[in-house]
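Reader: Can you walk me through this one? Keep it brisk.

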Amino acid sequence: MALFKSVLVNLQQKELQFELTTTDVREQIEYLRLFEQNKKVYGSISLYNAAGKELGNTRGIVTVKDARDEPFFQEALAGNVYSDPRPIYSSSLSQPVIHFSAPLRDGGGTVQGVVVSLLPI
């Protein structure tokens, strides 16, 4: 299943870009669920649209449904890779986590949404 046409990762320059090849959110979540299970590191991975609405996550848990005002969302929507400067308590996972987020771009490079992972501490 090819969810992303290309993935550009340059951690030294804090660049992480995904180019979507499908608009089917179920396919996107399933791909991320398989990625999460394979890596065995993340507590949850979520997709948000450009308005900040959560489209789904890999655990089927209630996370931040409206992320418009969240730093992890705002930074990624602006085209940046983000990570929390310190752990934050996650009520959905009942433990401290660090958010990592990146923009989701279409084939033209326009940010269409945000992908967010929670790393339990």
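Author: Accessible areas here come from the Shrake-Rupley method with a 1.4 Å probe; for residues, only the protein chains shown count as cover. On that basis the protein has an accessible surface of about 7000 Å², and 51% of that belongs to carbon and sulfur atoms.

Reader: What should I know about the model and the numbering?

Author: This is a predicted model: local features need pLDDT of at least 70, side-chain atom pairs count only at pLDDT 80 or more, and totals for chains, interfaces and linings use all residues. Residues are numbered from 1 along each chain as its sequence is written, and side-chain values use heavy atoms, with hydrogens and water left out.

Reader: How many helices and strands does the protein have?

Author: Two helices and eight strands. Helices (H or I, at least four residues) and strands (E, at least two) are DSSP runs, numbered from the N terminus. The order from the N terminus is β-β-α-β-β-α-β-β-β-β.

Reader: What share of the residues is buried?

Author: 36% of the 121 residues. Buried means under 20% relative accessible area, exposed over 50%, partly exposed in between (1.4 Å probe, protein chains only).

Reader: Which residues make up the largest nonpolar core?

Author: Eight residues: Y48, A67, F72, F73, A76, Y82, V114 and V116. Helix 2 (71-77) and strand 8 (111-120) are the elements that give two or more residues to this core. Helix 2 has the largest share, three residues. There is also a second, separate core of six residues, including L32, L47, L104 and V115.

Reader: What counts as a nonpolar core?

Author: A set of buried Ala, Val, Leu, Ile, Met, Phe, Trp, Tyr and Cys residues joined through side-chain atoms within 4.5 Å.

Reader: New topic. How many aromatic pairs?

Author: Two. Rings of Phe, Tyr and Trp (its six-membered ring) pair if their centres lie within 6.5 Å; planes under 30 degrees apart count as stacked, over 60 as edge-to-face and the rest as tilted.

Reader: Why is the pair of Y48 and F72 tilted?

Author: The ring centres of Y48 and F72 are 6.0 Å apart and the planes are at 55°, so the pair is tilted. Y48 sits in strand 3 (residues 44-49) and F72 in helix 2, 24 residues apart, so this pair links distant parts of the chain.

Reader: And Y48 with F73, what angle?

Author: The planes are at 65° with centres 6.3 Å apart, so that pair is edge-to-face. Y48 and F73 are 25 residues apart.

Reader: Is Y48 buried or exposed?

Author: Buried, with a relative accessible area of 3%. F72 is buried at 2%, and F73 is buried at 3%. Ring pairs link Y48, F72 and F73 into a cluster.
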